[in-house]
Number of protein chains: 2
Amino acid sequence: MENSAAILVIGDEILSGRTQDTNTTTIAKFLTVLGIDLKEVRVVGDVEEEIIAALNALRARYDLVFTTGGIGPTHDDITADAVARAFGVGIGYHPEAYALLEARYPPGEFNDMRKRMARIPHGAALVANTVSGAPGFQLGNVYVMAGVPMVMRAMLEAIEPGLPRGLPVASVAVEAAIPEGAIAPGLAALQKDHKDVAIGSYPFYREGTAAPFGAQLVVRGRDGSAVERAAVALESLIRSLGAAPQRIKSG
Amino acid sequence: MENSAAILVIGDEILSGRTQDTNTTTIAKFLTVLGIDLKEVRVVGDVEEEIIAALNALRARYDLVFTTGGIGPTHDDITADAVARAFGVGIGYHPEAYALLEARYPPGEFNDMRKRMARIPHGAALVANTVSGAPGFQLGNVYVMAGVPMVMRAMLEAIEPGLPRGLPVASVAVEAAIPEGAIAPGLAALQKDHKDVAIGSYPFYREGTAAPFGAQLVVRGRDGSAVERAAVALESLIRSLGAAPQRIKSG
């Protein structure tokens with residue numbers, strides 16, 4: 001699979017419902033722009049064996065893997081150790097990470113737990129953290145990032161120049177005040193006629209409006225002119241059903 | 001694993017970043033209340049082989065699996081067929097689902113695509129949809145629900161009476177205006193002394209406040225008095241570091 005990617009979200013707080021993950025959407029949009037296909041996401045808790053198993057499954061299958069969470073200073077931050085074990089390599093203080101962190105703290109405050117953030121698997125390259133200092137790292141095809149969204153975004157920016165580029169997916173989104181089930185037959189025919197694009201349908205319900213049932217119809221594909229042809233055909237279909245198609249901000 | 005659960009989120013729109021998944025958090029909170037442990041989440045696209053592989057992995061490993069997405073009327077809604085194939089059973093119109101949907105539409109509007117929503121794997125039981133009619137279903141330990149959050153929530157309510165109950169996890173959350181790295185050594189010692197609970201640390205940064213760096217510290221466990229004992233010890237630790245612990249709404 002060319003330019004495929006997966007995300008591994010690590011943290012009990014996601015699985016307990018305490019924290020709403022937003023990093024997946026951030027990374028998904030980021031990859032879409034670069035033309036990298038996000039194929040799968042997994043969320044596991046702060047359990048070393050679970051992290052190792054998921055990481056090894058994903059890194060074997062996809063070109064790139066992005067992890068978030070578990071690289072802070074506390075006892076429940078075990079991602080770096082889990083990644084080292086997944087790759088079968090050692091782990092220890094990374095001189096550059098150590099120096100960088102040491103310089104951040106007043107004398108006496110660079111305690112053993114903070115030093116944990118300088119523990120990097122052998123052979124990994126650091127990923128800069130312009131927000132709070134403690135770096136992420138890259139090992140093989142795996143990018144290990146923080147879970148705090150602001151820090152994660154900074155790390156994505158640091159990673160970006162080194163990532164492969166693909167042909168970005170073009171997409172056109174058209175909204176129609178037609179119930180999804182009413183446009184579904186025409187949509188299925190349209191999909192058959194335009195096999196080089198993927199047509200998705202996302203229904204909505206807007207209470208208190210004249211035509212509350214509608215759908216956002218999204219045409220996606222790597223060939224921009226094929227996408228545009230399908231979108232024009234889609235707009236004709238919507239008009240043939242007595243509604244006015246409306247192009248909306250795509251995604 | 002007793003009372004373990006996984007979620008399988010199905011939909012290209014999550015992987016493209018177009019749609020922010022919120023169903024995971026909703027289900028996670030729902031399961032926490034019931035004392036069911038959510039252990040893993042996976043997100044896959046609208047690709048039959050991917051859905052089948054993920055579903056078979058999860059249903060073999062966990063007591064309960066909840067899927068969201070892909071049960072509407074359009075060509076990209078392929079979850080029911082994928083579930084049937086995963087279980088190796090046939091699929092066809094379910095008489096009750098068919099009658100229920102037929103009654104919803106004016107004469108002539110119950111088209112073939114809408115009829116797709118009455119296609120249910122053989123042997124499955126329907127899950128009521130009080131919002132928009134088209135049912136979900138249960139097959140073995142797998143609960144198949146809609147992706148639209150309002151509909152998904154209604155299906156969760158319909159499913160609830162039939163789910164096993166576990167001992168809910170008790171949790172106490174304490175906020176402290178202490179940088180995570182400063183409390184980390186004491187926290188690690190606390191975790192060692194209280195092995196019957198899990199202590200999580202979630203840092204925050206509040207720009208423009210007097211002490212912008214802080215952490216929410218969460219003690220979780222099935223033994224409520226053990227949780228309380230650890231929380232009291234945690235509050236002492238925070239005070240010993242010169243800050244005022246503050247219990248906050250838990251989760």
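Residues are numbered from 1 along each chain as its sequence is written, and chains are lettered from A in the order in which they are written. Because the model is predicted, local features need pLDDT of at least 70 and side-chain atom pairs count only at pLDDT 80 or more, while totals for chains, interfaces and linings use all residues.

In the interface, 44 residues of chain B are in contact with 43 residues of chain A (C-beta atoms, placed from the backbone, within 7 Å). Several elements of chain B give two or more residues to this side, among them α2 (23–34), β2 (37–44) and α8. Helices here are DSSP runs of H or I with at least four residues, and strands are runs of E with at least two, numbered from the N terminus. The side of chain B that touches chain A holds 17 nonpolar, 16 polar and 11 charged residues. Ala, Val, Leu, Ile, Met, Phe, Trp, Tyr, Cys and Pro count as nonpolar; Asp, Glu, Lys and Arg count as charged; the others, Gly among them, are polar.

Strand β2 of chain A is joined to β2(B) by 5 bridges, and the two run antiparallel. R42(A) has R42(B) as its bridge partner.

Within chain B, the axes of α8 (residues 180–193) and α9 (residues 224–240) come within 11 Å and cross at roughly 155 degrees. Such axes are lines fitted to C-alpha atoms over the stretch in contact, with angles from 0 to 180 degrees between N-to-C directions. α8(B) and α9(B) are therefore roughly antiparallel (over 145 degrees). I183(B), G186(B) and L190(B) of α8(B) meet A230(B), A233(B), L234(B) and L237(B) of α9(B). This contact has 6 nonpolar, 1 polar and no charged residues.

Key. Angles under 35 degrees count as roughly parallel, over 145 as roughly antiparallel, 65 to 115 as roughly perpendicular and the rest as oblique. Two residues are in contact if their C-beta atoms, placed from the backbone, lie within 7 Å. Two strands pair if DSSP finds at least two bridges between them.
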